[in-house]
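Hi there,

Here is the structure I promised to pass on to you. Have a look at it first, and then read my notes below with the viewer open.

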Amino acid sequence: ATMDFRAGPPAQAVQTVTISGKTTAAQLASAGLDTTSVVSGPMELNATLTERRNGLGELAIASDLTAAELTVTALAWRKPGNAAAKASARLTLDHDRLARLDTVQVDGDGLTVRGRGTFNGGKLTEVQFDRLVLGRTSADAVVRLPASSSAPIMVICNGAVIDLAARLERSTPPHKPETTEPPRGPPWIVDAKFNRVLLARGATLGGVVLHAENDGRVFRQLRLEGQTSAQKPILLQIVPDGAGRRLAVSAADAGELLRGLDYVKTMQGGKLSIQGHFDDTQPRRPLIGTANLEDFRIQNAPALGKLLQAMTLYGLVEVMRGPGLGFTQMEAPFRLTDDSLAIDNARAFSSSLGLTAKGRIDLDAQVIEMEGTIVPAYFFNSLLGNIPLVGKLFSPEKGGGVFAASYTVRGAVDDPQVSVNPLAALTPGFLRGLFRLF
């Protein structure tokens, strides 16, 4: 530290303090520079504080972040310890109060940040990121911090690519569900536009426009528009609805959307429509609704493949391994939480096969427990029930099948145990109109 007691002009440096050494994010937070939400672990730090006779000053900081771990939770992005990275920043002071963040620079392998910020009354009010590169994500953003804790943080973001693949892919091993609700975070509002969004399992969306309002726990309002890689439109909306929220989804390429969200990996194509309601009065805020699908194909699904083999429908097994087994329509009432999907009396059919299903899938552990009925050659089976006068002999209700079998599927999604009840296949009119799709 040096101090100059001589008389001089207003811009004279009357005090200069230089500090270098090792520190941690927690120690910096105790000194008023809290970066613990992004940085953890040790770091090399060099800081120079200069104060001038007129009360102005600057603080220059340079840090070696190689040993530290950097995390951006929203993108599930992480720089591990021992990966090279350096950071620097220059802050302007006015009578010992922070007035401006002139430059922020962070550089590392797959990491580039260029930004600046403004203060009001010594508190940070806005940060502008002119360039933000985190792995495959490339964007610019403005973050406005409110003076009141009850007001929302405002984020405006634009970019070429945002990578959500790691964020959307299911955790392995499975996480334990929360037994108590986590504390409420700060509310925020995001308006974003991205040329391309990278989802799970190699799926992508293009031309994405998003408006989202979050109260610190859940999305109160959301509207997302975009296109899949095949230029098929999608629209997702969440709006308040009484004590909960209403969800509406439409997608002209259901297979890519559901694969990108890491819910269904074996579907190709299909037109999807979902109407549902979030019950916010329940602890886990389940989404309860109905999904309707038209003209989709199932390919390389182990559970369905074993089921077809058990029914000795080897022709359909080969089709599923190749171009995929086509279905005309599916209707599936469901109950969805963060880690499980419950299905109740779902129905799907094509000219060659009819299925019903009810049960549960553990999305994190990837374990299935399902039961239902299967109708081979569904079109011809149900056709007999539609013959005038004598149709009732074959099928007491419209849409019922003449021959059907019950089945159960249990175990790992990728390699489940499948059993079929052969006696049920001999029972005429077994379905009793479960397929009410005509």
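**What I found**

Asp-4 is found in the loop between strand 1 (2-3) and strand 2 (13-24). Before you go further, please keep in mind that this is a predicted model. The side chain of Asp-4 has a polar contact with the side chain of Arg-6, at 3.0 Å. Setting aside neighbours within four places in sequence, Asp-4 also touches Gln-12, Ala-13 and Val-14.

As background, strands of a sheet pair through backbone hydrogen bonds, either parallel or antiparallel. Here is how the pairs go:

- Strand 11 (residues 123-134) pairs with strand 12 (residues 137-144) in the antiparallel sense, over seven bridges. Gln-128 stands opposite Val-142 of strand 12. The two strands form a hairpin with two residues between them, and Gly-135 in the turn has a positive phi of about 65 degrees.
- Strand 12 also pairs with strand 13 (residues 153-163), again antiparallel and over seven bridges. Here Arg-144 stands opposite Met-154 in strand 13.
- Strand 13 and strand 14 (residues 188-198) run parallel, joined by ten bridges. The bridge partner of Ile-156 in strand 14 is Asp-191.
- Strand 14 and strand 15 (residues 204-214) run antiparallel, with ten bridges joining them. Ile-189 stands opposite Glu-213 in strand 15. This pair forms a hairpin with five residues between the strands, and Arg-201 in the turn has a positive phi of about 60 degrees.

While you are in strand 11, stop at Glu-126, which has its place there. Does Glu-126 count as buried, partly exposed or exposed? Glu-126 counts as partly exposed, because its relative accessibility is 24% and that class lies between the limits of 20% and 50%. Its side chain makes a polar contact of 3.1 Å with the side chain of Arg-144. Leaving out residues up to four places away in sequence, Glu-126 touches Arg-116, Gly-117, Thr-118, Val-142, Val-143 and Arg-144. Arg-116 is ten residues away from Glu-126 along the chain, and their C-alpha atoms are separated by 8.5 Å.

There is also an open sheet of three strands to find, in the order 3-6-7, with antiparallel pairing. Its edge strands are strand 3 (39-40) and strand 7 (77-79), each of which pairs on one side only. Strand 6 (residues 69-72) pairs with strand 7 over three bridges, and Val-72 has Trp-77 in strand 7 as its bridge partner.

Finally, look at the inside. In soluble globular proteins, nonpolar side chains tend to be buried together. Which residues touch the most other members of the largest nonpolar core? They are Leu-111, Leu-272 and Phe-327, out of 81 residues in that core. Strand 21 (residues 325-336) gives the most to this core, with six residues.

Enjoy exploring, and write back with any questions!

Best wishes

Definitions and conventions
Residues are numbered from 1 along each chain as its sequence is written. This is a predicted model: local features need pLDDT of at least 70, side-chain atom pairs count only at pLDDT 80 or more; totals for chains, interfaces and linings use all residues. Side-chain values use heavy atoms; hydrogens and water are left out. A nonpolar core is a set of buried Ala, Val, Leu, Ile, Met, Phe, Trp, Tyr and Cys residues joined through side-chain atoms within 4.5 Å. Buried means under 20% relative accessible area, exposed over 50%, partly exposed in between (1.4 Å probe, protein chains only). Helices (H or I, at least four residues) and strands (E, at least two) are DSSP runs, numbered from the N terminus. Contact means heavy atoms within 4.5 Å. A polar contact is a pair of N or O atoms within 3.5 Å; within protein, one must be able to donate a hydrogen and the other to accept it, and residues adjacent in sequence count only if both atoms are side-chain atoms. Two strands pair if DSSP finds at least two bridges between them.
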